[in-house]
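Hi,

Here is the structure I said I would pass on.

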Amino acid sequence: MGSAASLCTTTCPYCGVGCGVDVSLGRNNDGQPMIDSLQGSPEHPANHGKLCIKGSKLQQTNRLEHRLLVPRIAGQEVGWQQAIEKVAAGFSDAIARHGPDAVAFYVSGQLLTEDYYVANKLMKGYIGSANIDTNSRLCMSSAVAGYKRAFGADAMPCCYEDLEQTELLILVGSNAAWTHPVLYQRMERAKQLNPALKLVNIDPRQTATTELADLHLAIRPGTDVVLFNGLLAYLAAHELLDRDFIEGHTQGIERALAKAAEWPLERVANTCDLPVKDLRLFYRWFADSSSALSFFSMGVNQSTSGTDKVNAIINCHLASGKIGKPGSGPFSITGQPNAMGGREVGGLATLLAAHLDLHSAAHRQLLQDYWQSPTMAHKAGLPAVELFQQMAQGKIKALWIMGTNPMVSLPDSNLVRQALKRCELVVVSDCVAHNDTLALAHVQLPAATWSEKDGTVTNSERRISRQRGFLPPPGQAMPDWQILCAVARAMGFSGFDFGHPGEIFDEYARLTGLENQGRRALDISALAGLTHSEYDRLAPVQWPVSAKSRQGSKRLFTDGHFYTPDGRANFVALDYQPPQQRTDQAFPYVLNSGRIRDQWHTMTRTGQAAELMQHEDRPWLRIHPQDAATLGLAGGQLAALSARHCQGQQVILPVKLDAGVRRGELFAPMHWNGQFASHGAIGSLFAPLSDPYSFQPGLKHAAVAVEPV
Ligand code: SF4
């Protein structure tokens, strides 16, 4: 082992908290740089020196023996030139024969913003299709759609400091203790410092997070719109609306109130399956608190009515004026480290870069002129679930998957397998050598990963941070943006001559400053023109970072102006839509899926770390003890799960008895992939049903049958 030589600050590549990480570098016996140790960065505003266990074990998750080191075609090692030519020719040929909408990219919130920017530019401005979607579709697209409906832009208004400044913290569909542990630690500290702070946990399950809660509302799954419509009705009935704010800064409350009025307390209690006294207490706390923060995550977003849930929450903040102020607002917490950075540069099939509107001819023209590109996508592309459905029907001929494992993470994994088998050319670029999706790739491209590549990410509080490369990529691995540029050039496109990620960031930053006929949410134009060394030293900063706010912006809407054409926020009138997949006699249980404390997504990296397997070393099925008794299941016994669309295929899991799971409901972790278990992916049990506005699939609500094995 060598001695420590230098310190590098970067960010953790896992969740949307976006913690800063200080890495001490040394040299191994061969003189090669290596990580000596790492710790949370005390200077980083997201974590102030803290890391959760996933971040603290990053050293163990980058092991050479698991890496894809050389490009491969049909399993045979090839040189980069051959691989690039193969991908470029395959895409060009599919486009020539079937048009630009016959090809697609499926990318990842693991990509850095610069990678995302180049991928989006290539697909939308040069290939001429909007068929670029991302696993962030599974993470926060309902929040995006909800913010756009209410505020006129994908503009999350809050900041982490609000956790310490609020009087009422409402966690909706979030087990933050396991999924966003560093923010949960901030909540714990906030409660210690201010015992009057109240915490309400809205979650069908009792989780590790519930331990901190003053009130747990174990809501019937999928009824969040009813709960928040009820809150809006309560505020109106008790004359607790903030009339000045509503009249000065919003529109549409009458219709929203008319819908909410259908939900008096007792009806809400019946529908949500909650005690009236608990509901009344929650509503009273919300009304009496001068500030309230609704911290929401996958339990809200991953739903067939996720966008309505988001707007139901936002409606209550607008009605009470609890927005744009310290400690108040609807705070979407993203799962992915760069879900927000990706959407900023248009990395969803329904967006353009820099919050330009794909449906506006003027915006499309502005972007095409800026890129000087030969074409421009003129309609929305296929969102993730539909993309794979269309592929299974033979309509997508060439697909490039970057840094994600849809065989495990998407719903109905059997359909995903069929789709990949039907596709003429499947390219996968990834840092690992083996996963369920790579196994079906015709071309495998070795990508650089955390610690090896440079760029930026944006965390859940709009904070742009540098992720820094301090180790050389092993083998022939390259950063994603370089691979994309090489393919674009091989397809004959100019506009991809970037020599440094700072040049990509600069092009993006300048784009955000262009006049675009509207009030602009995303503006980082003050960060344009950085030299490479200024880009390298870039300190974490929250957008907007414009001429007016060079130090960045903690909160949005502090002036009561929103990004709609008239500056007023929109109330959305909401009907309750039950989950699209209903239980019945044959499939009587509701299955929920989610994360455990020490694993990340499909475990392709965290599964390599022995210490991260100590907390939970195998998947399980949590079930209420009385349901287990009814089914004849004992703790530890194997249970078989099946769903109607699975056509007899089963997922086998050992049972864990858990009185914190509601009767008639089940919970299983999402992570385990084919490398770690042969039980079948949990995702296969979820039908490919999506929210009609955000197209986010409902990964929290499958109707399943359970039986002893
Ligand atoms: Fe990484 Fe998230 Fe843990 Fe922070 S909280 S160390 S970003 S996984």
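This is a predicted model: local features need pLDDT of at least 70, side-chain atom pairs count only at pLDDT 80 or more; totals for chains, interfaces and linings use all residues.

**Domains**

Where they touch, nine residues of domain 2 contact 10 residues of domain 3. The domain 2 side of that contact is made up of two nonpolar, three polar and four charged residues.

**Around the ligand**

Next, zoom in on the ligand. There are 14 residues around it, and those that come nearest are Cys12, Cys15, Cys19, Cys52 and Gly55. Two elements give two or more residues each to this shell: helix H1 (53-56) and helix H7 (181-193). Sorted by class, the shell has nine nonpolar, four polar and one charged residues. So which domains does the ligand lie between? Both domain 1 and domain 3 give residues to the shell, so the ligand lies between those two.

**Helix H3 and its two partners**

Start with H20 (residues 480-490). The axes of H3 and H20 are 8 Å apart, at an angle of about 25 degrees, and the two helices are therefore roughly parallel. H3 passes H20 in a left-handed crossing. From H3, the residues in this contact are Glu114, Asp115, Val118, Ala119, Leu122 and Tyr126, and they meet Asp480, Trp481, Leu484, Cys485 and Ala488 in H20. That makes eight nonpolar, no polar and three charged residues.

Now turn to H21 (residues 501-512). Here the axes are 9 Å apart and the packing angle is about 65 degrees, so H3 and H21 count as roughly perpendicular. This crossing, too, is left-handed. Glu114, Tyr117 and Val118 of H3 meet Pro501, Ile504, Phe505 and Tyr508 of H21. The contact has six nonpolar, no polar and one charged residues. If you compare the two lists, you will find Glu114 and Val118 of H3 in both.

**Helices H8 and H11**

There is another helix pair to look at: H8 (residues 224-237) and H11 (residues 265-272). Their axes come within 9 Å and cross at roughly 170 degrees, which means that the pair is roughly antiparallel. Val226, Leu227, Gly230 and Tyr234 of H8 make the contact with Leu265, Val268, Thr271 and Cys272 of H11. By class, that is six nonpolar, two polar and no charged residues.

**Two backbone details**

Last, a couple of spots in the backbone. Most residues other than glycine have a negative phi, and most peptide bonds are trans. His48 is not a glycine, yet its phi is positive, at about 45 degrees. You will find His48 in the loop between strand S3 (33-40) and H1. The other spot is the peptide bond that joins Trp543 and Pro544, which is cis, with omega about 0 degrees. Pro544 is in the loop between strand S19 (541-542) and strand S20 (569-570).

Happy browsing!

Key
Residues are numbered from 1 along each chain as its sequence is written. Axes are lines fitted to C-alpha atoms, for helices over the stretch in contact, and angles run from 0 to 180 degrees between N-to-C directions. Helices (H or I, at least four residues) and strands (E, at least two) are DSSP runs, numbered from the N terminus. Angles under 35 degrees count as roughly parallel, over 145 as roughly antiparallel, 65 to 115 as roughly perpendicular and the rest as oblique. A crossing is left-handed if the near helix is turned anticlockwise from the far one by less than a right angle, and right-handed if clockwise. Two residues are in contact if their C-beta atoms, placed from the backbone, lie within 7 Å. Ala, Val, Leu, Ile, Met, Phe, Trp, Tyr, Cys and Pro count as nonpolar, Asp, Glu, Lys and Arg as charged, and the others, Gly among them, as polar. A residue is near a molecule or strand if its C-beta atom, placed from the backbone, lies within 6 Å of it. Domain bounds come from an automatic or database domain assignment.
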